[in-house]
Amino acid sequence: MNATVLLDPARLDRPDTDVRQEPFPFLIAHGQLPDDARNELERDFPRYTSAGFFPYDPADCGPSVNALVADLTAPAFASAIGERLGIENLGGYPTLVTLCRYLNKRHGTIHTDSKSKVATALLYLNRQWPDSSEGCLRFLRRIDDIDDLVAPELTPLYGEFAVFKRCDNSFHGHLPFEGERRVIQVAWLTSEEEKLRKTRRGKFSRGFKQLVGALDRRFGARRARNAAHRD
């Protein structure tokens, strides 16, 4: 595979791309991945057995996913995002990549992301999705209402892409969902120290989730529709 064609910043200029500055800067773009890469990316996605997001490790992934991560974290791609969201020198910030294969119903509560993040991008890799709003990304006006959308929800299908600038009101989340939901997340962070701290925490979380996965799933099933957490 020619890795240079996996993620092309020029695709962000599709006519159906939605870029907004209010109530916080965000971008929603469709069709960001080539159809002929679908099978390889599906094959090469890490085979996590626990629910949640885990720090990127090239050893977990096949070559096409590693190439995609390289494209997502390239300064040129960050610059293209920064230009659209009004973030100066986004490519100059350290990046933290996490991947998710499965979720339980505990995930997706409304939040803003932590202040250590400058911006967050989500690239979805699911071949199909149920005819349901469950698990679909929502950008929101409020922290206490999952139905107060500022844009149409984004179904997490292959090639769908969303990115937002972290703000005190960058509320987002999704309805409770349990099952396979493949996504690569890139966060541009305020410092290398924050990257190290978050990476260490993520590695610890991976081992912990393997031990208590069933318990986590049981508690997740009790999640309220409008559940939220402050970052």
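The legends below describe close-up views of a predicted model. Because the model is predicted, local features need pLDDT of at least 70 and side-chain atom pairs count only at pLDDT 80 or more, while totals for chains, interfaces and linings use all residues. Residues are numbered from 1 along each chain as its sequence is written, and side-chain values use heavy atoms, with hydrogens and water left out.

**View 1**
Helix α3 covers residues 75-85, and its buried residues are Phe77, Ala78, Ala80, Ile81, Gly82, Arg84 and Leu85. Buried means under 20% relative accessible area, exposed over 50%, and partly exposed in between (1.4 Å probe, protein chains only). Helices (H or I, at least four residues) and strands (E, at least two) are DSSP runs, numbered from the N terminus. An α-helix has 3.6 residues a turn, so residues three or four places apart point the same way.

**View 1. Aromatic pairs around Phe139.**
A search of the whole structure finds eight aromatic pairs. Rings of Phe, Tyr and Trp (its six-membered ring) pair if their centres lie within 6.5 Å; planes under 30 degrees apart count as stacked, over 60 as edge-to-face and the rest as tilted. Phe24 and Phe139 form an edge-to-face pair, at 5.6 Å centre to centre with 85° between the planes. Phe24 sits in the loop between β1 and β2, and Phe139 in strand β6 (residues 138-139), so that the pair links parts of the chain 115 residues apart. Phe24 counts as buried because its relative accessibility is 0%, and Phe139 counts as buried because its value is 3%. The rings of Phe26 and Phe139 have centres 4.8 Å apart and planes at 40°, so this pair is tilted. Phe26 lies in strand β2 and Phe139 in strand β6, so the pair ties together parts 113 residues apart in sequence. Phe26 and Phe139 are both buried. Ring pairs join Phe24, Phe26, Phe139 and Phe164 into a cluster.

**View 2. Strand β9 and its partners.**
Nine of the eleven residues of β9 are buried, which leaves the strand mostly covered. Strands β4 (residues 95-103) and β9 run antiparallel and are joined by eight bridges. Two strands pair if DSSP finds at least two bridges between them. Thr95 has Trp188 of β9 as its bridge partner. Strand β5 (residues 117-124) also pairs with β9 in the antiparallel sense, over seven bridges. Along this pairing, Thr120 stands opposite Ala187, and Leu123 stands opposite Ile184.

**View 3. Strand β5 and its pairing with β7.**
Eight of the eight residues of β5 are buried, and the strand is mostly covered. β5 and β7 pair in the antiparallel sense over five bridges. Lys165 in β7 is the bridge partner of Ala119. In a regular strand the side chains alternate between the two faces of the sheet.

On a 1 Å grid over the protein atoms alone, a cavity is a set of points where a 1.4 Å probe fits but cannot get out, and a pocket is an open set with protein on both sides within 12 Å along at least five of seven lines; lining residues have an atom within 4 Å of a point. Grid points are joined across faces, edges and corners, and a volume is the space filled by probe spheres set on the points. The count comes to one cavity of 30 Å³ or more, and the largest cavity holds about 40 Å³ of space. Arg38, Leu41, Glu42, Leu125, Asn126, Arg127, Tyr158 and Arg182 line the largest cavity. Helix α1 (residues 38-44) gives the largest share of this lining, three residues. The lining has three nonpolar, one polar and four charged residues. Ala, Val, Leu, Ile, Met, Phe, Trp, Tyr, Cys and Pro count as nonpolar, Asp, Glu, Lys and Arg as charged, and the others, Gly among them, as polar.

**View 4. The largest pocket.**
The largest pocket has a volume of about 960 Å³. Of the 32 residues that line the pocket, Phe53, His111, Lys117, Gln185 and His229 lie nearest its centre. α4 gives the most to the lining, with six residues.
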